[in-house]
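Subject: A structure for you to explore

Hi there,

I am handing over the structure I promised you. Have a look at it first, and then read on for what turned up.

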Amino acid sequence: MISAEIETLGIKNAQEIFHNLSFDELIEHELRNGECGLASSGATAVDTGIFTGRSPKDKYFVNEDPSNKYIAWGDVNKPIDKAIFNELLEVAREQLSSKSLYVTDVFCGASTESKRSVRFISEIAWQSHFVKNMFIRPTRDELAAFKPQFTVLNACKATNDKWKNHGLNSEVFVLFDVEANLCIIGGTWYGGEMKKGIFSMMNYWLPLEGKLAMHCSANVGPDGDTCLFFGLSGTGKTTLSTDPQRALIGDDEHGWDDNGVFNFEGGCYAKVINLDPSSEPEIHAAIRKNALLENVVYDEDGLVNYNDGSKTENTRVSYPIEHIENHQSSLQADHPKNIIFLSADAFGVLPPVSKLSKEQAMYYFLSGYTAKVAGTERGITEPVATFSSCFGEAFLPLHPTVYAKLLGEKIDKHNVNVYLVNTGWTGGGYGIGKRMSIKDTRACIHAILDGSINESEFQTTNTFRFNIPLTLKGVDSTILNPRNAWGDRDAYLVQRDHLAGLFIKNFKKYTDEQNEFDYSAAGPKVID
């Protein structure tokens with residue numbers, strides 16, 4: 001049956017088809033094929049080639065009706081003609097034909113009412129391992145009745161030699177045909193393309209059904225109180241949601257429908273650069289057999305040096321969520337009580353914790369702010385503000401205000417508290433101040449989750465007009481107001497107004513039109 005289904009995709013003369021192999025079988029294949037090494041922890045380790053991250057400039061959607069009426073075309077979502085897509089589809093088919101193939105069937109979405117069935121086809125065993133880690137693994141009965149609603153053909157060994165004639169960005173291609181329920185990948189081996197490709201599709205499908213797709217982590221307390229953590233890479237989203245006192249729902253991608261919050265995935269994808277077992281013990285302990293390390297440096301005995309970023313700073317590990325001892329087995333929970341926006345502010349301006357009004361929540365959700373610092377990317381010598389709509393702009397096929405509207409409706413309907421937490425710098429910007437300690441950040445998070453933050457007296461700051469606590473258990477009160485944490489207050493005021501101006505400039509794209517979403521009044525105000 002699977003051979004016939006592969007044939008209908010235009011893949012001819014497939015040799016052996018390894019359909020839904022177990023973890024043990026996949027590990028045996030990837031080691032035997034010479035695709036991976038073996039770490040001393042029992043995890044397998046792969047190098048993803050020249051691409052150690054996604055290729056967002058090589059992502060395109062077929063421009064056809066009716067999906068082209070919904071997609072927000074621009075730098076993130078670029079159109080491609082159906083004829084070019086079909087030409088590259090043939091390139092992918094030829095690459096996968098007459099090969100031994102790995103076929104993996106999974107679900108995206110733990111909610112019965114909202115999930116999608118997805119089939120991945122590749123000639124690389126570790127890529128099958130990666131998606132088995134990252135998505136929800138069907139039961140034996142579910143596999144017997146499995147019918148894919150969407151298919152990914154990963155022809156990573158193929159390249160597009162005609163990319164200039166096609167008017168594309170490079171020989172790499174990550175293409176989506178929404179109407180055909182098909183994605184084709186070529187030229188890049190990076191596993192994250194498959195993960196984020198399906199996330200992009202969930203961000204297309206669910207909002208059209210009135211459901212919210214979110215780039216966030218989530219956990220739930222013993223009393224059933226759900227919390228969502230939004231944040232860009234490096235803000236602590238995975239670390240802070242992995243809490244031994246709370247069950248992890250998921251670390252990266254979730255949906256929110258009428259029944260509550262649900263994980264899209266069945267695994268976690270954590271950064272491991274400078275991984276410290278003392279500060280992130282749960283993640284460190286999850287790196288064992290069935291986990292798959294990416295682009296790490298290890299010695300002949302398989303001992304990994306997590307501090308070595310010579311291959312990339314984006315070293316990662318994927319592992320089944322079962323590797324986190326305290327996880328939510330259903331991957332679902334009730335509607336959230338709290339939402340936390342995480343920002344690593346390298347300017348040293350944002351408070352460690354602020355309670356946001358509904359209007360401020362909309363403003364900072366649409367802003368999606370964090371900062372890059374010197375040393376993280378070539379050419380960066382001082383902090384650079386980064387704004388990513390809804391904390392996931394690269395994965396939003398629809399206009400950001402579609403997601404913002406849904407979030408606002410759900411905040412109102414379920415009476416959700418929203419907070420902004422700065423995991424970045426205090427007492428000065430990068431190079432002058434110091435990074436907020438995980439201990440202080442966790443104290444802020446715990447005060448939110450146990451409700452003790454509401455026992456504090458609050459004050460409103462100038463310019464950003466944040467509502468901040470004057471005291472908080474476990475946190476030095478001098479850092480709660482950034483102005484007090486700086487030794488040079490005049491320098492602080494200059495930096496504060498500079499960052500406020502960057503927010504205002506960025507938000508203008510939401511005020512030129514779509515006046516329904518003009519939440520600029522909830523943002524910072526710089527007084528001349």
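Please keep in mind that this is a predicted model. Let's begin with a salt bridge: the side chains of Arg-137 and Glu-322 come together in one, with 2.9 Å from N to O. Arg-137 sits in the loop between helix H4 (125–134) and helix H5 (140–144), and Glu-322 in the loop between S20 and strand S21 (332–333), so this pair ties together parts that are 185 residues apart in sequence.

How many salt bridges does a search of the whole structure find? The answer is 23. Another one joins the side chains of Lys-311 and Asp-47, at 3.0 Å from N to O. Lys-311 is in the loop between strand S19 (304–305) and strand S20 (316–320), while Asp-47 is in the loop between strand S3 (44–46) and strand S4 (59–62), so the two tie together parts 264 residues apart in sequence. Lys-311 is partly exposed, with 39% relative accessibility, and Asp-47 is partly exposed at 44%.

A further salt bridge is formed by Lys-195 and Glu-253, whose closest N and O atoms are 3.2 Å apart. Lys-195 belongs to helix H7 and Glu-253 to strand S14 (residues 253–257), so to speak two distant parts of the chain, 58 residues apart. Both Lys-195 and Glu-253 are buried. They also belong to a network of salt bridges that links them with Lys-196, Lys-237, Asp-252 and Glu-265.

Which element gives the most to its lining? Strand S11 does, with three residues, and H7 supplies at least two here. Among the lining residues are Phe-199, His-215 and Tyr-403. This lining has eight nonpolar, three polar and no charged residues.

Enjoy exploring!

Best wishes

Terms used: Residues are numbered from 1 along each chain as its sequence is written. This is a predicted model: local features need pLDDT of at least 70, side-chain atom pairs count only at pLDDT 80 or more; totals for chains, interfaces and linings use all residues. Side-chain values use heavy atoms; hydrogens and water are left out. On a 1 Å grid over the protein atoms alone, a cavity is a set of points where a 1.4 Å probe fits but cannot get out, and a pocket is an open set with protein on both sides within 12 Å along at least five of seven lines; lining residues have an atom within 4 Å of a point. Helices (H or I, at least four residues) and strands (E, at least two) are DSSP runs, numbered from the N terminus. Ala, Val, Leu, Ile, Met, Phe, Trp, Tyr, Cys and Pro count as nonpolar, Asp, Glu, Lys and Arg as charged, and the others, Gly among them, as polar. A salt bridge is a side-chain nitrogen of Lys or Arg within 4 Å of a carboxyl oxygen of Asp or Glu. Buried means under 20% relative accessible area, exposed over 50%, partly exposed in between (1.4 Å probe, protein chains only).
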